[in-house]
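Hi there,

I am handing this structure over to you, as promised. Please have a look at it first, and then read on for what turned up.

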Amino acid sequence: MEQRRLGAQDLVVSAMGLGCMGMSEFYGPGDDAESLATIHRALELGVTFLDTADVYGPYTNEKLVGRAIRDRRERVVLATKFGNVRGPDGSWAGLNGRPEYVRQACDGSLSRLGVDHIDLYYQHRVDPKVPIEETVGAMADLVRAGKVRFLGLSEAGPETIRRAHAVHPITALQTEYSLWSRDPEDEILPACRRLGIGFVAYSPLGRGFLGGRIRRLEDLAPDDWRRNNPRFQGENFAKNVALVARIEELARAKRCTPSQLALAWVLAQGDDIVPIPGTKRVPYLEENAAALAVHLSPAELAAIDAASPRDVAAGARYPAAGMARVNV
């Protein structure tokens, strides 16, 4: 498995990671046995960069990942996140970046994961009520205490990234990035590169849409979160299906799957970028991992750019409330 360096603090990870969120929530029903098998197969393939968060489940996804790596911790680069808060019934309770909460959240994650340290600890969403300097200062204390090795932010804006990095080196920024979410190219990626911060691309398959398996809203489970996403609704859905058709055509010419083409494109955008496609099934994991063998020529990259230019997707990435929490 190819390795990539995130940031300037010597964090080396597999060139592709595994997003574990959907194993526990949001994308229809899961099966813990199948999810555990998927994580174990990922490690066999060298996909050792695992991504979770306390909010997924809530809390159950960290426990699942902890079970999966219990006897193989040394093989894993483990990333988790804090900052999105949910109530006992799973309802959303806002954001929390207060220093005392940072410490509390980290201890909770360590306990659920069953580990003595977290390799990469992200603030999941920036809390606008708390100066980023205070939040990152508390995160830096966790590094000094040996509970965390490296720090990250998720969906932070350029100025927030700069201010955070001045308090303690930020190793990675995690933000949505794919053929239908290219807005990080405008300001976020340049800011990260100026500061020597690695970039972790979540939802590199457009929440599964770019794989070509979602043709109708009925293809999603009744409780699937994507049913409420603007890109999966009404006219937006139809327009985005047309985008996928263009990607499928290019994939056929390359003799790979649409998912592999989409992942190969993300991988080709820079050695400082690591995609973390999520799946809870072994066949899809193996298909995604095979994208590392798909090498795109300059002409092929130009054809993909022409088929999927910036702002090509119809609809916002999140409903209005979610969009208010990104690029902060």
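**The cavity**

The lining of the largest cavity comprises six nonpolar, three polar and no charged residues. For these classes, Ala, Val, Leu, Ile, Met, Phe, Trp, Tyr, Cys and Pro count as nonpolar, Asp, Glu, Lys and Arg as charged, and the others, Gly among them, as polar.

Before going further, a word on the model: it is predicted, local features need pLDDT of at least 70, side-chain atom pairs count only at pLDDT 80 or more, and totals for chains, interfaces and linings use all residues. Residues are numbered from 1 along each chain as its sequence is written, and side-chain values use heavy atoms, with hydrogens and water left out.

There is one cavity of 30 Å³ or more, and the largest cavity holds about 40 Å³ of space. (On a 1 Å grid over the protein atoms alone, a cavity is a set of points where a 1.4 Å probe fits but cannot get out, while a pocket is an open set with protein on both sides within 12 Å along at least five of seven lines; lining residues have an atom within 4 Å of a point. Points are joined across faces, edges and corners, and a volume is the space filled by probe spheres set on them.) Among the residues lining the largest cavity are Met16, Val47, Pro277 and Asn288. Helix α9 (residues 282-289) gives the most to this lining, with three residues; helices (H or I, at least four residues) and strands (E, at least two) are DSSP runs, numbered from the N terminus.

**The pockets**

α9 turns up again in the largest pocket, where α9 gives the most to the lining, with three residues. That pocket has about 1200 Å³ of space. Of its 49 lining residues, Met21, Phe26, Tyr27, Arg207 and Arg226 are the closest to its centre. The lining divides into 22 nonpolar, 15 polar and twelve charged residues.

The second largest pocket, at about 280 Å³, is lined by 21 residues, with Arg182, Asp183, Pro184, Arg317 and Met323 nearest its centre. Its lining has nine nonpolar, four polar and eight charged residues.

**The sheet**

Eight strands form an open sheet in the order β3-β4-β5-β8-β9-β10-β11-β12, with parallel pairing; two strands pair if DSSP finds at least two bridges between them. At the edges are β3 (18-19) and β12 (273-275), each pairing on one side only. Within the sheet, β5 (residues 77-82) and β8 (residues 118-123) pair in the parallel sense over four bridges, and Lys81 has Tyr122 in β8 as its bridge partner.

Enjoy exploring!
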